[in-house]
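Dear colleague,

I am passing on to you a structure that you have not worked with before.

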Amino acid sequence: MDLNTVTEVIRRPSARPGMDWREGDAWLAGGTWLYSTDQPGLRRLIDLTTLRWDPLVPSDAGLGIGATCTIHDLYAFAPPHDWNAGALVAKSCEAFLSSFKVWNSATVGGNICMSLPAGPMITLTVALEAAYELWAPDGSSRIVDALDFVTGDNRNILAPGEILRRIDIPARALRKRTVHRRFTLTRLGRSTVFLIGTQTPGTSDLLLTVTAGTTRPVRFAFDAMPDARTLRESIEAIPAPVWFADPNGTPDHRRHLTKHFAEEIRRELTDGDPTWHTS
Ligand SMILES: Cc1cc2nc3c(=O)[nH]c(=O)nc-3n(C[C@H](O)[C@H](O)[C@H](O)COP(=O)(O)OP(=O)(O)OC[C@H]3O[C@@H](n4cnc5c(N)ncnc54)[C@H](O)[C@@H]3O)c2cc1C
């Protein structure tokens, strides 16, 4: 769509962009959302993709993902064999409702910064205990827990002019066992709920991440596998306003699905036997 209020596109920002941030500016990544709807408040786009940040940097410490890495490039990534959670990366890309055109352009950082409940890169990075590196216009930077970044539907902690620069997923999280469940109303539909459970090999712990059904990610950590009732009560304690309502599901429907799938994840990780259906 033509953005006819935009009068300037900065194609070559400085290596540390944001110093001259002003009202009406927006960071341009893949542009799949920016160009998909009217943007009456925008005057200037600042293209982050020309900064050529390394898209994927695997190391002994884990996986570093440049914010401008495309969903396409992340999907193509072949994780090392001992990263048990590696398959989750592709599953999360597949959860992205989009055409190939969107896949090829949309970025991991753009998906996170859109902060939609059904943002699969949010699900993935919160479940895998990622940290985000944010750059401020004054040249400073801060590291935040992925869990604390999204605060509501299309809301996050970014201050004006702040950039999501990098996502770091620790190797210890990538080595965990994982089980996921996702529900959509239609085969290629947007997620109604998307849950991921992870477990440290050789332990009975559980980290359960609940997304898409809630306006922001919710994560439960248990040192030992909880019983069914404890898990159910934890989910029931999620405050009512946190459950999301849109044409893909009412809050009640989403709460019901979340409890149902959380129990499936609990049982599958307890048994170590993937006899349950996964979507
Ligand atoms: C057909 C279609 C299907 C879609 N399906 C989904 C879906 O299933 N789930 C979903 O979550 N979204 C979906 N979207 C919305 C959107 O396309 C995605 O969220 C996409 O990942 C956004 O990434 P992008 O790189 O294109 O971001 P852009 O459109 O370039 O930017 C999105 C927003 O994030 C800001 N931004 C981008 N990168 C950064 C950064 N590094 N630091 C700070 N701010 C930044 C931009 O300024 C802008 O406000 C869909 C869109 C379309 C058109």
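The notes below go through the domains, the ligand shell, the helices and some single residues.

This is a predicted model, in which local features need pLDDT of at least 70 and side-chain atom pairs count only at pLDDT 80 or more, while totals for chains, interfaces and linings use all residues. Residues are numbered from 1 along each chain as its sequence is written.

Domains

The domain assignment gives domain 1 (8–49), domain 2 (51–172) and domain 3 (176–271); such bounds come from an automatic or database domain assignment. Taken over C-alpha atoms, the centres of domain 1 and domain 2 are 19 Å apart. Their contact takes 15 residues from domain 1 and 16 residues from domain 2, two residues being in contact if their C-beta atoms, placed from the backbone, lie within 7 Å. On the side of domain 1 that touches domain 2, 9 residues are nonpolar, 5 polar and 1 charged. In this division Ala, Val, Leu, Ile, Met, Phe, Trp, Tyr, Cys and Pro count as nonpolar, Asp, Glu, Lys and Arg as charged, and the others, Gly among them, as polar.

The ligand shell

The ligand is surrounded by 32 residues, of which Ala29, Gly30, Thr32, Gly110 and Asn111 are the closest. A residue is near a molecule or strand if its C-beta atom, placed from the backbone, lies within 6 Å of it. The shell draws at least three residues from each of domain 1 and domain 2. At least two residues each are supplied by β2 (25–28), α3 (100–105), α4 and β10 (163–170). Helices (H or I, at least four residues) and strands (E, at least two) are DSSP runs, numbered from the N terminus. The largest share of the shell, 5 residues, comes from α4. By type, the shell around the ligand holds 19 nonpolar, 12 polar and 1 charged.

Helices

Helix α7 (residues 228–236) packs against helix α8 (residues 251–271) at an angle of about 145°, and their axes are 10 Å apart. Axes are lines fitted to C-alpha atoms, for helices over the stretch in contact, and angles run from 0 to 180 degrees between N-to-C directions. In this contact Ala228, Leu231, Arg232 and Ile235 of α7 meet Thr258, Lys259, Ala262, Glu263 and Arg266 of α8. These residues divide into 4 nonpolar, 1 polar and 4 charged.

Helix α5 is mostly covered, with 8 of its 8 residues buried. A residue is buried if 20 or more other C-beta atoms lie within 10 Å of its own, exposed if 12 or fewer, and partly exposed in between, with C-beta atoms placed from the backbone. The buried residues of α5 include Pro120, Met121 and Ile122. Just after α5, glutamate 129 takes a positive phi of about 55°. In α2, the buried residues are Leu88, Val89, Lys91, Ser92 and Cys93, and what covers them includes α1 (71–76), α5, β11 (177–184) and β12.

Single residues

Alanine 95 sits in the loop between α2 (86–94) and α3. This residue is classed as buried because 22 other C-beta atoms lie within 10 Å. Leaving aside neighbours within four places in sequence, alanine 95 is in contact with Pro120, Arg182, Ser191 and Phe194.

Proline 201 is placed in the loop between β12 (191–199) and β13 (206–211). It has 10 C-beta neighbours inside 10 Å and therefore counts as exposed. Not counting residues up to four places away in sequence, proline 201 touches Arg175, Lys176 and Arg177.

Two further loop residues deserve a note on their backbone. Most residues other than glycine have a negative phi. Serine 115, in the loop between α4 (108–114) and α5 (120–127), has a positive phi of about 55° although it is not a glycine. Serine 115 is buried, because 21 other C-beta atoms lie within 10 Å. Asparagine 154, in the loop between β8 (150–152) and β9 (155–156), has a positive phi of about 65° and is likewise not a glycine. With 13 other C-beta atoms within 10 Å, asparagine 154 is partly exposed.

With kind regards
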